[in-house]
Amino acid sequence: MPPSIATRTGDDGTTQLLFGQRVPKHHPQVEAVGAFDELNAAIGVVKPQLGTTPRDQEILPLLTTVQKNLVALMGELACAEADAERYLNSKFEKLAASDVQRLDTALAALEARGLTFSGWATPGGNQRAAALDVARTTARRAERQLSVISNHGRNVRPEVRQFTNRLSDLLWLLAREAEQ
């Protein structure tokens, strides 16, 4: 019989970071990982709304790759500062400058499409745009959590910050594209 997901070790209000350190479930790093997990799920809500058009078939692999990047990012954030070097030297996938560049390229391609918008967006133009806006606002919250953990002694690599900032911009533009 496989081991149960219910280890019961968190019944005391703590959880384990990568490499074993236990912290309260409200610890800033746990909050940050949770925000990125919610972002990953929010992007997952968008994917089934994509159809078979050539444009949708361009967006789907981009979002899937972003989700894989988010898993790598969460792994990095889920270790204590004392274990950060150990993580960077591990076999685990890590965000790279090429991941940020992928988002920059996607942003430039969207901007080249000549999307028109003025002022603040009002989410809800259609179901896909609304789902993308939920993902965007979740990305912005996750980005704010990066600042919180930085203020609590957890260093965050520039690529992590850049990726998160570009991702929220990308989701905003994808939502505007979906409205048009």
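**Exercise 1. Find the span of helix 4 and compare it with the expected span.**

Solution. Helix 4 covers residues 97-112, 16 residues in total. Helices here are DSSP runs (H or I, at least four residues), numbered from the N terminus. The expected span is 1.5 Å times one less than the number of residues. That gives 22 Å, and the run from first to last C-alpha is close to this, at 22 Å. The model is predicted: local features need pLDDT of at least 70, side-chain atom pairs count only at pLDDT 80 or more, and totals for chains, interfaces and linings use all residues. Numbering starts from 1 along each chain as its sequence is written, and side-chain values use heavy atoms, without hydrogens and water.

**Exercise 2. Work out which residues of helix 4 are buried, and where they lie around the axis.**

Solution. Take buried as under 20% relative accessible area and exposed as over 50%, with partly exposed in between (1.4 Å probe, protein chains only). Asp99, Val100, Leu103, Ala106, Leu107 and Leu110 are buried. Their directions, taken from the helix axis to the C-beta atoms, fall within an arc of 120°, so they line one face of helix 4. Ala97 and Ala112, on the other side, are exposed. The cover over the buried residues includes helix 2 (54-77) and helix 6 (158-179).

**Exercise 3. Trace the largest nonpolar core.**

Solution. Join buried Ala, Val, Leu, Ile, Met, Phe, Trp, Tyr and Cys residues through side-chain atoms within 4.5 Å. The largest such core has 43 residues. Helix 1 (28-46), helix 2, helix 4, helix 5 (127-151) and helix 6 each give two or more. Helix 6 supplies the largest share, 9 residues.

Note on methods
Contact means heavy atoms within 4.5 Å.
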